[in-house]
Every structure is written in C-alpha cells, then in structure tokens.
Amino acid sequence: MRKPTLSFSQIINMNVGFFGIQYSFGLQQSAVNPIYDMLGAAPDEIPILNLAGPMTGLLIQPIIGALSDNTWSPKYGRRKPFFFIGALFCSITLFLYPFSSSLWMAAGLLWVLDAANNTAMEPYRALIADKLPDEQYSTGFLTQSFFTGLGITLANVSLFVFQKYIPGTWGSLPYWVYASFFLGTVCSIGSVMWSISKTPEIPPSEEELKALKKRTEGMPHPAIQFFLSILTSLIAYLVFLLVLIPALFSRGLLHRLLEKTKSNPKTRILFAQNIEIIESIMVMPSVMWKLALVYLFQWYALFCYWQNAAKSVAQSVWNTSPSGDPKLYEEAVGWTGLVNGWYNVVTFLSAFYLARMATKFGPKKVHFICLIIAGLGLMVFPQLTNKYALFIPMAGFGIAWASMMGVPYLLVVNEIPKERYGVYMGIINMMIVIPMILQTLTFGFISKNFLGNDPGLAIVFGGVLLIVAAAAVLLIKENKNIVTDQPIGGSGH
C-alpha cells in the first residue's frame with residue numbers, strides 16, 4: 001500500500017520533537033565538558049567521562065528500535081510511546097544536572113540523560129521511513145537536520161546569553177548553567193508532546209499485525225524485554241565476536257547458533273531483542289558496511305572537536321586554560337557556545353538546500369564535499385587568534401553537520417526492509433557510537449603521548465580524520481533507483 005504524501009507543515013509537525021531532543025544534545029556538546037573542567041577533571045580524563053553517550057547509544061538505540069518494530073497499540077501507536085518515555089526522563093535529568101556537586105555525580109547523571117535521549121531519538125529516524133513515501137525521504141531526514149541545527153543553536157546561544165547576563169555561582173556551578181538546563185527541561189518534553197499530539201501513526205495492515213503477533217508470541221511485556229536485553233547485551237555481543245572468527249571457517253555456524261537460541265523459550269526471552277539485532281547485522285546490506293567505515297573516521301573526529309573546542313578557543317584567543325584564569329575561561333566557554341550556535345544556525349539554514357542538492361547531484365557527492373569542507377575547517381580553527389574569525393571555518397562545519405544528520409540515511413533507507421526500519425536505524429547508530437567508544441578509550445592516550453594534551457592539535461587531528469572519512473565515501477556505490485524529493489510543499493492527505 002502506498003503511503004500518503006504529507007504536506008510540508010505535516011512533516012514539520014512530525015519532527016518538532018527532534019528540536020527538544022537536540023537541545024539536550026547541544027548542552028552535552030557545549031556545556032558538559034566545561035562543567036567537568038569546572039569540577040576539576042584533568043584533560044586526559046575527559047574522554048573516559050564522555051563514555052556515557054556512546055555506550056548508551058550502543059546498548060539502547062538498537063534495542064529500542066527492535067522493540068518499536070514489534071510494538072503496536074491502537075491508542076498509543078508504535079514509535080510515540082518511546083518518544084514520550086525518553087523525553088520525560090530527559091526533562092527530569094536536565095532539571096537535576098546543574099545540582100551536581102562532584103565530578104562523578106555529573107558523570108552519573110550524564111549516563112541517565114544519554115539513555116533518555118537515545119530512547120526518544122531512535123524511533124524518530126524510523127518514523128520517517130514509516131510515514132513518508134520514498135520521494136519525501138530527503139525532506140523528512142533533512143527536516144531532522146533542520147531541527148538538529150535549531151535545537152543545538154538555542155542550547156549554545158542560551159549558554160552565551162545566560163553567561164553574559166546571569167552572573168554568580170550557586171553550589172559548584174555558575175547560575176547560567178542552571179538557566180540553560182532548566183530551559184532544556186521545558187524544551188524536551190514540550191516539543192515531543194507537540195509532535196505526539198499532531199502526528200497520527202499509520203496502523204499496520206491485517207497481514208502485518210499477524211506477522212507482528214507471530215514474532216512476539218510468548219514474549220513478556222516490552223518493559224521486561226528492554227531490561228533483559230540491556231542485561232544480556234554485552235554477553236550477546238561478546239559471544240557474537242568470539243564466534244565470528246570460527247564462523248569464517250564453518251559455514252552457517254552463526255545461523256545455527258541463532259536458530260538454537262530462538263528455538264529455546266528461555267534463551268529467546270532472556271536475550272530478547274539482541275537476537276534480532278545480531279540477525280539483522282548478519283544480513284546487513286553491503287552499503288551499510290561501507291557507511292560504517294565512513295562513520296568510523298567521521299564520528300571519531302567529531303568527538304575530538306566537541307571535547308576540545310572550548311579549551312582550544314581559550315588557548316588560541318584568550319591565551320588561558322581551565323586551570324589558568326577561571327574568569328577568562330568562562331568567557332571562552334561562552335564564546336565557544338556562540339560559535340557552536342553559529343554552526344548550528346548554518347545547519348538549519350542549509351538543511352533544505354542540501355535536500356535539493358541531494359536530489360540534483362546524489363547524496364554521495366553531497367556528503368563527500370561536505371566532509372572535505374568540514375575537515376579543512378577544523379584544521380584552520382585552532383590557528384585563529386581573532387574570536388570573530390572562528391565563525392568562518394564553522395560555517396563550513398555547519399553545512400557538513402546538516403549533511404551528517406540526514407544525507408547518509410538517503411544512501412541506505414531504500415536498502416532496508418520496512419519491517420526492520422527500527423532495528424536498522426539503531427544499527428546505524430551503533431556505527432556512530434562505536435567510533436565514539438574507541439575515541440573515549442584511545443584518545444586520552446593519543447592526546448597525552450602524541451599531542452601533548454594540546455586541544456588545538458586535537459582538533460587538527462579531527463580535521464585530518466574527516467578528510468579520510470570523505471575518501472571512504474567514494475567507496476559507496478549509490479543506488480540509482482533511489483527516488484528523492486518532489487519540491488518541498490507537496491499536498492496533504
């Protein structure tokens with residue numbers, strides 16, 4: 001059955017919730033690492049303190065994706081219950097975060113915040129594939145890029161404005177931290193509730209309902225499946241990795257192991273969604289493996305930038321550091337928020353233009369050029385001593401950020417079976433977070449032993465990796481049958 005074409009305003013309403021989710025991610029990008037600095041973290045401790053984001057993404061997004069694929073409620077829908085639960089916990093954690101009195105309290109709350117954000121965000125990618133016909137995919141995914149830019153822009157601008165106009169400190173942190181996080185509390189739940197109220201989901205057909213019931217027969221409540229999957233995730237992935245090499249020499253070994261696990265009622269319940277995740281990885285389209293190589297370099301590089309941006313600006317423009325002049329460092333943090341806000345302004349201004357470029361030239365060429373621009377921008381960024389000049393390379397970075405948030409999905413979405421949209425969107429997120437985990441585990445050593453804990457060199461290193469990621473894009477064979485968008489503003493239904 002063909003899905004109805006949505007009007008542009010309907011696509012906007014569907015994605016408004018992405019704004020609140022991305023406001024929260026914006027605070028994590030620009031505020032959390034400076035908060036760690038203020039609470040006394042050493043430079044080589046920062047990567048490991050950021051492990052929360054990639055680990056929760058690795059564990060939670062694929063599980064939520066698989067769960068939402070196998071969920072349907074006539075009253076609440078398929079994806080919307082996960083939006084709501086994630087946004088609710090996100091808002092609560094954002095409210096509590098500024099009250100962190102120690103480094104490890106802040107790190108612990110970040111784990112909860114990231115888990116909530118991932119719960120809300122993962123089904124959003126799948127909702128695009130659920131709701132939109134093929135020719136509207138580029139508008140759908142790049143509308144999410146638009147709201148990514150808008151949400152992160154507001155987060156960064158709020159940090160700059162509140163730091164300028166709300167002086168003073170309460171507890172361990174300045175007042176402006178409280179103000180920005182409290183605003184995030186409202187944005188997160190408010191924007192998601194707007195999308196939930198404005199967006200009906202498409203109910204499954206009778207055949208799809210029968211298939212869904214068959215897949216979930218004998219399984220416990222989704223909440224129980226979620227916690228069982230979390231508890232057994234590391235065991236499942238460890239067994240998968242251990243069997244991977246023998247499987248190269250024994251044809252069908254992984255398949256037989258999975259079938260044996262599924263046929264046993266106890267292990268089927270115990271490993272819950274992990275069985276479907278591993279099974280989906282085994283039959284993953286080749287284009288997704290090539291995208292994984294691009295993401296390896298791309299997301300490692302981005303983590304290098306986010307962790308070191310404020311310290312690099314403090315060093316190159318204010319000639320200080322977190323342990324040098326705290327007042328000057330606060331100024332540098334505020335200005336970094338403004339710079340990051342600028343690149344996200346560029347993101348939401350360029351998102352719909354990139355949708356047209358992807359239609360005209362193809363997503364592969366668009367993403368390649370965007371990564372080259374971003375890589376060169378990061379190499380220049382730490383060399384600039386004029387604070388206003390920082391906006392120039394970040395304009396290119398903002399265009400690339402819009403591409404990263406939407407264009408790669410156009411390369412793979414038509415290769416994915418519709419009954420597995422959720423789990424494959426979660427697997428794509430695994431491709432994002434595994435490089436981040438590698439970065440958090442390895443970059444502290446690289447920074448200390450090869451870069452002299454110099455934040456400017458760390459960002460240059462990230463720029464080089466983005467150039468390598470661009471080269472990896474050239475390995476992807478574009479699906480010429482992908483239908484991109486009609487002009488924005490199609491008819492409603």
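How many residue pairs are in polar contact between domain 1 and domain 3? Keep that question in mind while you walk through this predicted model, beginning with the whole chain and ending at a single pair of side chains.

**The whole chain.** Show the protein chain as a cartoon, where the secondary structure comes to 18 helices and two strands. The radius of gyration is 22 Å, close to the 23 Å that the globule rule gives for 493 residues, so the chain is as compact as a globular protein of that length.

**The domains.** Next, colour the chain by its domain assignment, which gives domain 1 as residues 1-201, domain 2 as 212-283 and domain 3 as 285-479. Select domain 1 together with domain 3, whose centres, taken over C-alpha atoms, are separated by 18 Å. To their contact, domain 1 contributes 54 residues and domain 3 contributes 55 residues.

**The buried area.** Display the surfaces of these two domains, which bury about 4,400 Å² between them, with 69% of that area on carbon and sulfur atoms. On the domain 1 side, pick out Gln29, Arg125 and Leu142, which supply 13% of the area that domain 1 buries against domain 3, more than any other three residues.

**Polar contacts and the helices behind them.** Here the opening question can be settled, for the count between domain 1 and domain 3 is 13 residue pairs in polar contact. Now select the elements that give two or more residues to the side of domain 1 that touches domain 3, namely α1 (8-38), α2 (46-49), α3 (52-69), α5 (103-131) and α6 (137-165). Of these, α6 gives the most, with 17 residues. Coloured by residue type, this side of domain 1 divides into 27 nonpolar, 18 polar and nine charged residues.

**The salt bridge.** Finally, turn to the charged pairs: the structure holds seven salt bridges, and the count between domain 1 and domain 3 is one. Show the side chains of Lys311 and Asp37, which meet in a salt bridge at 3.9 Å, N to O. Lys311 lies in helix α13 (residues 286-316) and Asp37 in helix α1, so the pair ties together parts that are 274 residues apart in sequence.

Conventions. Residues numbered from 1 in each chain as written. Predicted model: local features only at pLDDT ≥ 70, side-chain atom pairs only at ≥ 80, totals over all residues. Heavy atoms only, no water. Domains from an automatic or database assignment. Contact = heavy atoms within 4.5 Å. Buried area = accessible area lost by both parts, 1.4 Å probe. Salt bridge = Lys/Arg side-chain N within 4 Å of Asp/Glu carboxyl O. Polar contact = N/O pair within 3.5 Å; in protein donor to acceptor, adjacent residues only side chain to side chain. Helix = DSSP H or I, 4+ residues; strand = E, 2+ residues; numbered from the N terminus. Nonpolar A, V, L, I, M, F, W, Y, C, P; charged D, E, K, R; others polar. Rg over C-alpha atoms; globule rule 2.2 N^0.38 Å.
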